[in-house]
Amino acid sequence: MNKTYPEPVVGAFIINSQNKLFLMKSHKWKDKYVVPGGHIEIGEKIEEALIREVKEETNLKITSPEFICLWEFVEEEEFHDKKHFIFLDYRVEAISDEIILNEEGQEYIWAGKDEIFQLPLEKYTKMTIEKFGSKIFS
């Protein structure tokens, strides 16, 4: 029997020097805005996965990871595939500003606190900002 397990994934709430949050629209999340992130490789530390995933998806370099929260996502409709994720979300700071999106992102925005909720946000991204906004925007 082939067993499958929940997949631990990292999410990066990236803040720039203007205290704005990086969000990207993703076809994987039904064209909603999400934060960059992805799975943790075998043998890879969580913060290493965070740095790698952000670089792969956005070309940004980041620093100062601070743990925000954990969410469990079990085969919900928002994602294009049936998955069981354990989201490990971190606040990080951008130390570069040249954005090159890979195929996972269709467009991006640096959004301030006052404009974020006007965007079509993926449910867990929205819940994290609503609940932990004061930790994200310092």
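**Salt bridges and aromatic pairs**

Tryptophan 110 counts as buried, at 19% relative accessibility. This is a predicted model. Its structure holds 10 salt bridges. The count of aromatic pairs comes to 13. Some pairs of both kinds are set out below.

- Phenylalanine 22 and tryptophan 110 have ring centres 5.3 Å apart and planes at 70°, so the pair is edge-to-face. The cut-off for that class is over 60 degrees.
- Phenylalanine 22 is buried, with a relative accessible area of 0%. Tryptophan 110, at 19%, is also classed as buried, because the limit is under 20%.

**Aromatic pair between strands β5 and β6**
- Phenylalanine 73 pairs with phenylalanine 85 in a tilted arrangement. The centres are 5.7 Å apart, with 35° between the planes.
- Phenylalanine 73 belongs to strand β5 (residues 62–74) and phenylalanine 85 to strand β6 (residues 84–94), so this pair ties together parts 12 residues apart in sequence.
- Both phenylalanine 73 and phenylalanine 85 are buried.
- Phe73 and Phe85 also belong to one aromatic cluster, formed with Trp29, Trp71, Phe79, Phe87 and Tyr124.

- Lysine 25 and glutamate 107 meet through their side chains in a salt bridge, at 3.9 Å from N to O. The cut-off is within 4 Å.
- Lysine 25 sits in strand β2 (residues 21–26) and glutamate 107 in strand β7 (residues 107–111), so the bridge ties together parts that are 82 residues apart in sequence.
- Lysine 25 is partly exposed, at 21% relative accessibility. Glutamate 107 is partly exposed too, with a relative accessible area of 37%.

- Arginine 52 forms a salt bridge with glutamate 53. Their closest N and O atoms are 3.0 Å apart.
- Arginine 52 counts as buried at 19% relative accessibility. Glutamate 53 counts as buried at 3%.
- Arg52 and Glu53 are part of a network of salt bridges that also links Glu41, Glu44 and Glu56.

**Arginine 91 and glutamate 93**
- The side chains of arginine 91 and glutamate 93 form a salt bridge, at 3.2 Å from N to O.
- Arginine 91 is buried, at 3% relative accessibility. Glutamate 93 is partly exposed, with a relative accessible area of 32%.

Notes: Residues numbered from 1 in each chain as written. Predicted model: local features only at pLDDT ≥ 70, side-chain atom pairs only at ≥ 80, totals over all residues. Heavy atoms only, no water. Helix = DSSP H or I, 4+ residues; strand = E, 2+ residues; numbered from the N terminus. Buried < 20%, exposed > 50% of the residue type's maximum accessible area, 1.4 Å probe, protein only. Phe/Tyr/Trp six-rings, centres within 6.5 Å; stacked < 30°, edge-to-face > 60°.
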